[in-house]
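Please read the points alongside the model.

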Amino acid sequence: MDNVDGTEHYNFKSNPDLPTLQVIIIDTNPVAWELLKQSSGLGFPDALSQILIFANAHLAFSLSNRAAVIANHLDGAHFLSPAPPGSDLTDPDEANLTPEQQKIVSQQKASQYRVFRILEDEVRASYRRLIKSTTVEDLEKNPNGSALSGALGLALTYINRVCFGGTGGRSGGAEEKVKINSAGGKVDDTGRMMHAKILIVSVTPDPAPQYISVMNGVFAAQRLKVPIDVCKLRESTVFLQQAADATGGVYMEPEHPKGLLQYLMMGFLPDQLARESIILPTKVDVDFRAACFCHKKVLDIGFVCSICLSIFCQPPEGAVCSTCGTKLDVSSLENIGKPVVAPPKKKKKKKVTDSLSESGVASAAQSPAPEG
Amino acid sequence: MADSDEDFVLESSGDERGPRTRGSRRQTRKSKKEDASAAPRREKWEDIQRSWDTVVEAADGSIAGAVIGLLEATKRKRLLRDTTPIQRGIIRHLVLVLDLSSAMVEKDLRPTRFLLTLRYARDFVTEYFEQNPISQLSIVAMHDGLAMRISDMGGNPSDHLTALQEKAFPLEPKGASSLQNALEMARAELFHTPSHGTREIFVIFGALSSSDPADIHETINALVDDRIQIRVVGLAAQVAVCREMVMKTNDGDDSGYGVVLDEAHYRELMMAATSPPITKSESTSTPSLLMMGFPSRTVENFETLCSCHSNLTKGGYICPRCSSKICFLPTECPCCGLTLILSTHLARSYHHLFPLKNWVEVPWSDAHLSTHCFSCHFAFPLNPPPTSPSKSRQSHGLTTKGFEKGSQSQNNSTQNAVSQRYACPDCKTHFCIDCDIFAHESLHNCPGCQAVPASVTKGRANVSSTTTANSRKLVGHNMKTQVAEATKMLEKSKIAPGNGTGSSMDVDV
Amino acid sequence: MSSQAMKGFEQLEGLPEAIFKRLYQQPATSLAIFRRMLPNLAKTFVMAMLFNPDPIPISTLEGWVHPDKNSLKEEAFAKLRQLHLVTERQGTFALDATFKTELTKALTGGGSPGSFGLPCDTDDKNKVDISFLDKYATEQWESILHFMVGNEVPSSRRPSEGVVRLLLHGKLMEQTRASSEAVITQLGFSFLLQEANAQVWTLLLLYLDMAEQLRMDPVDILHFLFLLGSLELGQDYDMKSLTPTQKGMLEDLRDYGIVYQRKSSSRRFYPTRLATALTSEIRATSSPSRSIQNAISHGDENGFLIVETNYRMYAYTNSPLQIAVLNLFARLISRFPNLVTARITRESIRQAIGKGITAEQIIDYMTVNAHPQLRKNTPVLPPTVVDQIRLWQIEGERMKATPGYLFKEFSTNSEFNAVCRYANDLGVLVWADQNKGNLFVSKHEQIADFIRKRAQPNR
């Protein structure tokens, strides 16, 4: 019986080839695009067309592939496609066409594959509406505006819905697994119905105050095993480097932004399956060094408050953390390298609650003015 | 305890006729009692919640709507927790004690207690380091009356996973379990840990007794002296000594002791221990300043030995102090003992410090404000609000044809159900239950607050821009560094309200 | 299920180069060929080359791929060459110029109007909706299937002469001497077990085959088929832009339920779901082929089969077609108004295999039609049953024949090894004997090329 080899009849695919959802986050900050145009000649309309071709190429890979486009605008993130249900889908420019013109438009549209056309129409219409709602005031108020964390949040919740049926990639829930199975699609063992990847086309500088929320988004993406690809056209960035590195995505800063399309096609198009067999360009030296809070120096070795994790380049004066106001024990710093001995019991307990006013003065008075 | 009662009833309802009829009979008796209000003191078991009592039939007799409501309620139960920013022990030292005694061969948890526990222990290790990247862990097993070390105190999850795989899985659950031995071993292990971190023991206890060489109460007292906190998950029934030691080491709070109901609940209890404990009193840890290295990553042309495993590797991280090569972070430099981390590891812990606020369920009266989930476009059931039908028309007047058709047919079945909408208290945006859970469990952001209300988006009651106003104020031009900004955010939070002035001065300069 | 549909496409691969060149002249066809006929890695290569004006050195592409994924790379290269999508010159790859422009047009929407169907510019007085089209397609298609298994079909819904001719031509049915009525053949049985989309393709490829005999231009036909795949469901299209051949085809396609025309003189047509799903690849069973399955699946859209570990089968159906199909591989026991009970036995499976049905087909059929209750299990079917069916199949397969080519008498051992490795990378190596220096492969063209190249290392 040993001679009967049935193995070739058992070639189950352990990992079903799942379709891919591509979420594209585009900066739509007009100021930043204008600056880019001046420096490299790539304007937003060109870039958008190229990105749409990229999206089409993604959709062309498989009929089940899907794409979503999110605008990272001055003050907020907006879905361009799929447009939120219930929103006005008509193109503001198209509404005042004569019937004759409309006919021509519809004839032109017939020259395009319907899946591509739907995406393009939706993106362009939503974008025009977005720009019309933006005032000069907004621009002046917020020339570097970006809602990266919001855009990431939208992208991830949408991915959670589309790719995991809202289960958040938790493999535990048996009941949820059944739900997906009976829906009839293929799933892999984490209940994933589709792969997903995020592409961020960025022209704005890091939205510094959003560091925590952006990183939260990055870690959520990491959990869902969603790579974040970054195409940085201007203004080198630390956040996005770390984001791409943490999630296993591609980070690129094209030297010639005019050739954006070729960068997109070579570097960012390959899906999960192709990425297993392709060597993708990765940024080797990601800057992981931290900067201290007190002098904004980039540090190799620093001191960290054990309560709030603030970083200092030298022990703060009076051993009081200037961020959370906790009185810190610095005694262990002196004998680093030697085995740490439990602190003697008789030591006085530190008081935290009443150090508020004291520490406020300390930090204001003693922090020298940062450079720049 | 209400949980367990409910679950018990749920299970028995699937049985044959017998218990069900008895249940309903009892219920009538209960209602009589209530009328007379004669019962002076009611036992807990008398207040049985019957799942079928809470179900309300819709007009057409379907219970689909009610079922959705119940499902969502159970989903949310996991979620609702206290969200005021509290000080937590971010740097943890935890000893996981696994019971591998003969009690673990029981098959009441499938496939067996032993296998399930080890499987969950694996998940626990991964999740623990995900949640607490700069913490340390050690695993100890109670086996055949002795305590056995599975893995040493360390910060590398893969070390622990290999140790579990190589040392724990081949074991046969055998003999009695000895709590005292295990606690003593754990205590010895935690003795050297620095004072700024937490010291915790997490016991998975399958047996109902402990055979100890000496008085366990002495050990418990010693643990209290050493500021060690204990959590216990019991697999069979509550054991008095476990409860006592949890209470004693947690200032009289026994919430750290749980007994599992089923596999899912077991997992829940295990995973609850992965989020950093709240710092209750000053005594648990001394705040201190830690010296840490932020190594840079290098890629070499030729393979060299790493100093941590003596493996040949091409790339790695270089310790900034002694320049030895390490292949895994976070860790302690094997040469000079400096703690080495990446700035992203610190960022990973920030969400514990600023929990996302709980979202509130939206009553039907406000449901007309939205037709779909803000972030994932999931369509909400549309219930024509009886008060202002014209308004609702407005809000979804522009929906596509198919959408409207679908929702109309849904109307009947969801009459009595919840609105399935959940709103962020800050931005008043409506979300679906799945996004609610995702935002609180994984994302730790509110997509609505972050994405800033847009004028085009319907489905929100009002536009609150307080958060953005604040962040705009904080935008500085020379801010290139990330962690500095992160700490700015820290200041904004409620951890140190008194420091607000100091920090904004820094920024404005 | 995918294997059969792919088989159909392999037939296309054999077409001569000139035909391919002509096929690539339409954006819709280029797109469909790109999507359906290329492996994932090849698609990636094509996209990388598409917007690059210069040819890419092969070494660049080779360096792009992980060294341990060599076999995938070779597979991709082989496919690209086979479809004449690339031209090789001095160690560089260049995309076929026509294909390049047409695919670019497809992606950028720069094609001539009507390259993805010309919608009617006037409103149809007798407009039909999608549910009508679904019903129409289902009825038409089912009537063909019913006819094949010999069920009584009302004369109004009897398939037309053309359909019958096609079935006979494809040897799915044959005319016996005993009666003038056509009866189903073994090939027909295995056809019945296929998934709907695969069935459609099988039939259309037969059509293509037959059309060549009728002197119809195969390129025209393929263009039209691929075009149909890119049309929009529920939209009416104008016949203006069609060639005469394609207009002639419409009539036949209407019989299959692939397009709908109110009457044959009408100048507009509607594609049905069968048409729009044509170019969807099988590998993604999720939406498109699922919905087509639903459109076809005989009233009950959720599957009807329950298979138990004790080899008993319960089919909640009263459709004669379903029962006839079940009867192919199971022993029917009893029949109730809405339920048939059956049993899978060794005899029934051996019988089915004797008819040319494979175990995979049976398993696929049962999986696709599994009852929702059964679908909750993972895997869907009880593994014992699945394994046993496979074992029953290989009972009869003590010997396996592979058509192929023997290479022998290599000059050196190292050359033999190199060729061996290359053949293995291509996935065509069937057998090799190191001692005798013999090598057996299933396809020889590339191997021969390879040996020739090695013989002239200077070039």
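1. Of the 459 residues in chain C, 39% are buried, a residue being buried if 20 or more other C-beta atoms lie within 10 Å of its own, exposed if 12 or fewer, and partly exposed in between, with C-beta atoms placed from the backbone. This is a predicted model, in which local features need pLDDT of at least 70 and side-chain atom pairs count only at pLDDT 80 or more, while totals for chains, interfaces and linings use all residues. Residues are numbered from 1 along each chain as its sequence is written, and chains are lettered from A and ligands numbered from 1 in the order in which they are written.

2. Chain C contains 22 helices and 15 strands; helices (H or I, at least four residues) and strands (E, at least two) are DSSP runs numbered from the N terminus. Among the contacts in chain C with a separation of 6 or more, 66% join residues 24 or more positions apart, where contact requires C-beta atoms, placed from the backbone, within 7 Å.

3. Most residues other than glycine have a negative phi, and most peptide bonds are trans. The bond from A:Ser81 to A:Pro82 is cis, with omega near -5 degrees; A:Pro82 sits in the loop between strand S3 (77-81) and helix H3 (99-109) of chain A. In chain B, the bond from B:Arg110 to B:Pro111 is cis, with omega near 0 degrees, and B:Pro111 belongs to the loop between strand S1 (92-99) and helix H5 (113-131).

4. B:His377 has a positive phi, near 65 degrees, without being a glycine. This residue lies between helix H12 (364-367) and helix H13 (389-395) of chain B, in a loop. B:His377 counts as buried because it has 21 C-beta neighbours inside 10 Å.

5. For B:His444, also not a glycine, phi is positive at about 60 degrees. The loop holding B:His444 runs between helix H15 (433-443) and helix H16 (447-451) of chain B. With 21 other C-beta atoms within 10 Å, B:His444 is buried.

6. How do helices H8 (residues 211-223) and H9 (residues 239-247) of chain A cross? Their axes come within 9 Å and cross at roughly 15 degrees, the axes being lines fitted to C-alpha atoms over the stretch in contact and angles running from 0 to 180 degrees between N-to-C directions. H8(A) is therefore roughly parallel to H9(A), a term for angles under 35 degrees.

Definitions and conventions. Two residues are in contact if their C-beta atoms, placed from the backbone, lie within 7 Å. Angles under 35 degrees count as roughly parallel, over 145 as roughly antiparallel, 65 to 115 as roughly perpendicular and the rest as oblique.
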